[in-house]
Amino acid sequence: MELRELIETTRTVRRFDGTREIPSAVLDELLELLRLGGSARNGQVLKFMVVTDDRERDLIFPYLGWAGYLPDWPGPGTGERPVAYLICLKDENLAVGPDTEAHFDLGIATQNFLLGAATRGIFG
C-alpha cells in the first residue's frame, strides 16, 4: 500500500479485537518506528513503555479517555479493549526547551507508530 492510500484509509479505532495477540517482535518493530521519529534539539526526551499484561491493562483502563465528543460512553467493553497500551513519559532531566517541543515530538512518534501498525493490519 502506498503512503497516501495508507493515510487516506487509516481511521480512529475505539473498539478492538480483545482476543488478538500482537507478537512481541511486531511491537519491537513499532517501537523502532517511534525511535526513528524526529526529536526537537535531538533531545530524545520521550520514553516509551508497552503494557501487554492483562492485569496491568485492567489497572490502566479506568484512567483512559475515550471519544471526548461522547462523554457518556465509558469506552470499549470487555473483549473490545486494546491488547496493548503504549505509555509515553517525558524525561524532565533531558528536556531543555518548552513543553510544546515534546508535544510535537509525541505527535510525530505516535503517527509513525500508528501508520506502522496500520501497515501490519493491526487496526481494521
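For the residue classes used here, Ala, Val, Leu, Ile, Met, Phe, Trp, Tyr, Cys and Pro count as nonpolar, Asp, Glu, Lys and Arg as charged, and the others, Gly among them, as polar. The structure is a predicted model, in which local features need pLDDT of at least 70, side-chain atom pairs count only at pLDDT 80 or more, and totals for chains, interfaces and linings use all residues. Residues are numbered from 1 along each chain as its sequence is written, and side-chain values use heavy atoms, with hydrogens and water left out.

A pocket is an open set of points, on a 1 Å grid over the protein atoms alone, where a 1.4 Å probe fits, with protein on both sides within 12 Å along at least five of seven lines; lining residues have an atom within 4 Å of a point. Points are joined across faces, edges and corners, and a volume is the space filled by probe spheres set on them.

| Pocket | Volume | Lining classes |
|---|---|---|
| Largest | about 920 Å³ | 23 nonpolar, five polar, four charged |

The largest pocket is lined by 32 residues, of which Phe16, Pro82, Ala84, Leu114 and Phe123 are closest to its centre. Two or more lining residues come from each of α2 (24-36), β1 (46-51), β2 (85-90) and α4 (99-119); α4 gives the most, five. Helices (H or I, at least four residues) and strands (E, at least two) are DSSP runs, numbered from the N terminus.

In the second largest pocket, Leu34, Arg35, Gln44, Leu46 and Phe48 are the closest to the centre among 14 lining residues. Here α2, β1 and α4 each supply at least two residues, and α2 has the largest share, four residues.
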